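The sequence and structure are shown below.

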Amino acid sequence: MGPAEPATREPTLDAMRGFAVLGIMVVNIHFLLAAGSVPPFGGLDGGDGTSPHNRLIVLLTTWLAMGKFMPALAMLFGAGAAVLADRAAGRGVEPQALLRRRYRWLAAIGLVHMVFLFPGDILFAYGIAGLVLVRSLHLSPRSMLKRAAVLLAVGTTLFATLLGSLTWVMRQPDLADSIAQQEARAAAVYGSGTYFDIVRLHAADTPGMIAMGALMLPWTLSLFLAGAAVARTGFVTTPAAFSTALRRAATIGLGAGLPLNLAVALVTTSSGESPGIGATLLASGLVSVAGPLLATGYLASLALFCIRRGPNAPLVGVGRMALTAYLFQSVVMLVAVAGARLHGRLDAAGSLLIVAATWAVLLAGCPLWLRRFRFGPAEWLWRSLTYRRREPTRT
């Protein structure tokens, strides 16, 4: 048992994964622009948030990106888990032990990433959720979807409660000064501190991020299960056979997801301030369902495009190197925001220029790398740790 060879991978699935990884950067860069203090649904501007073009970018980012690409990646993560489990079982390998080892190492990589590069890491949470997912991969697709629906309801309740509580805490007069001081210290570290100061800041924030990931576990796991259920239908091996279902998913996902997420964006960004408790509860409940809905529309539309026109080679390359691309984006963001001292001086439009430049490098560089190597650097490390041997690197 070893990593799948490039010729056996489904390029449409890799293109979808590449799309999701690239989209995450649109939101993540604002986290660093705000020194890690992004309110639940606002504060995505950075710099001069009052200018019309910045307000428009904040609205579009909240509407079309925030809470959409993480669910997309989560569903693809679940699909990948089901494919790997089935491939292992088909070769006589006990899949649970292999997957547990795989996800323990992913959580370890995520913890390092969280401290040394980007505090808003998702790899640690995905690794922990993956360990829980392993216990459900024996279920039928129908049973997976039923369990996913229950977990989505639980996760939505926890998500709304968490954000509502945070909103209440942040509005308490006796805590306002303390929160402002913490944000000022974080801004000072990003603005003029050394790299080791930033690492210490990230390390101090890590317990809180881990706790938030734990509260989000039911929601994350519901998306994993949904992706695994879809994979078990045979979609990942013969996507063209599911064109009708994909058209239906794209129609529902975009038709319902776009207006629902627009409503959330208008409510949470129109005043230029964080919404009140009632608006937060409503918006968080909506976005925890509407976000995955629109993410499904995105992925289904992209799959249809790949079926009709052929998979986009640059996106496929990024998808095959998804872990490397995710980590590379974090390096670029940290260097730009903290290393180049752009924190507090970079507005929303400027941040998109950094995102576009990073995308250009990844879309051009990943296919070139894969002409000579089987995996990206991070993928090679993860696979070598998972399979307990040094994997060959050359194609």
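## Packing of α4 and α8

The axes of α4 and α8 cross at roughly 130 degrees and come within 6 Å, where axes are lines fitted to C-alpha atoms, for helices over the stretch in contact, and angles run from 0 to 180 degrees between N-to-C directions. α4 is therefore oblique to α8; angles under 35 degrees count as roughly parallel, over 145 as roughly antiparallel, 65 to 115 as roughly perpendicular and the rest as oblique. On the α4 side the contact (heavy atoms within 4.5 Å) is made by Leu111, Met114, Val115 and Phe116. On the α8 side, Tyr195, Val199, His202, Ala203, Thr206, Met209 and Ile210 take part.

The model is predicted: local features need pLDDT of at least 70 and side-chain atom pairs count only at pLDDT 80 or more, while totals for chains, interfaces and linings use all residues. Residues are numbered from 1 along each chain as its sequence is written, and side-chain values use heavy atoms, with hydrogens and water left out.

## Overall composition

The chain has 15 helices and zero strands; helices (H or I, at least four residues) and strands (E, at least two) are DSSP runs, numbered from the N terminus. Of its 395 residues, 50% count as buried. Buried means under 20% relative accessible area, exposed over 50%, and partly exposed in between (1.4 Å probe, protein chains only). Among contacts with a separation of 6 or more, 81% come from residues 24 or more positions apart.

Helix α5 (residues 123-133) has the buried residues Leu123, Phe124, Tyr126, Gly127, Ala129, Gly130 and Leu133. These buried residues pack against α3 (69-90), α4, α8, α9 (217-232) and α13 (322-339).

## Surface

The accessible surface of the chain comes to about 17200 Å², and carbon and sulfur atoms account for 68% of that area. Accessible areas come from the Shrake-Rupley method with a 1.4 Å probe; for residues, only the protein chains shown count as cover.

Val112, Phe116, Tyr195 and Phe196 make a nonpolar surface patch of about 420 Å². The elements giving two or more residues to this patch are α4 (95-116) and α8 (195-215), and Val112 lies in α4. Patches are made of residues with over 30% relative accessible area and no salt bridge; like charges are joined within 9 Å, and nonpolar side chains (Val, Leu, Ile, Met, Phe, Trp, Tyr) within 5 Å.

## Salt bridges

The count comes to six salt bridges, each being a side-chain nitrogen of Lys or Arg within 4 Å of a carboxyl oxygen of Asp or Glu. Within α8, Arg200 and Asp197 are three residues apart, about one turn of the helix. They form a salt bridge whose closest N and O atoms are 2.3 Å apart. Arg200 counts as exposed because its relative accessibility is 53%, whereas Asp197, at 24%, counts as partly exposed.

Arg374 forms a salt bridge with Glu391, with the closest N and O atoms 3.8 Å apart. Arg374 lies in the loop between α14 (348-370) and α15 (377-387) and Glu391 in the segment after α15, so the pair ties together parts that are 17 residues apart in sequence. Arg374 is buried at 11% relative accessibility, and Glu391 is buried at 3%. Glu391 also meets Arg389 in a salt bridge (3.0 Å, N to O); Arg389 is partly exposed, at 39% relative accessibility. Shared partners also join Arg9, Asp14 and Arg17 into one salt-bridge network.
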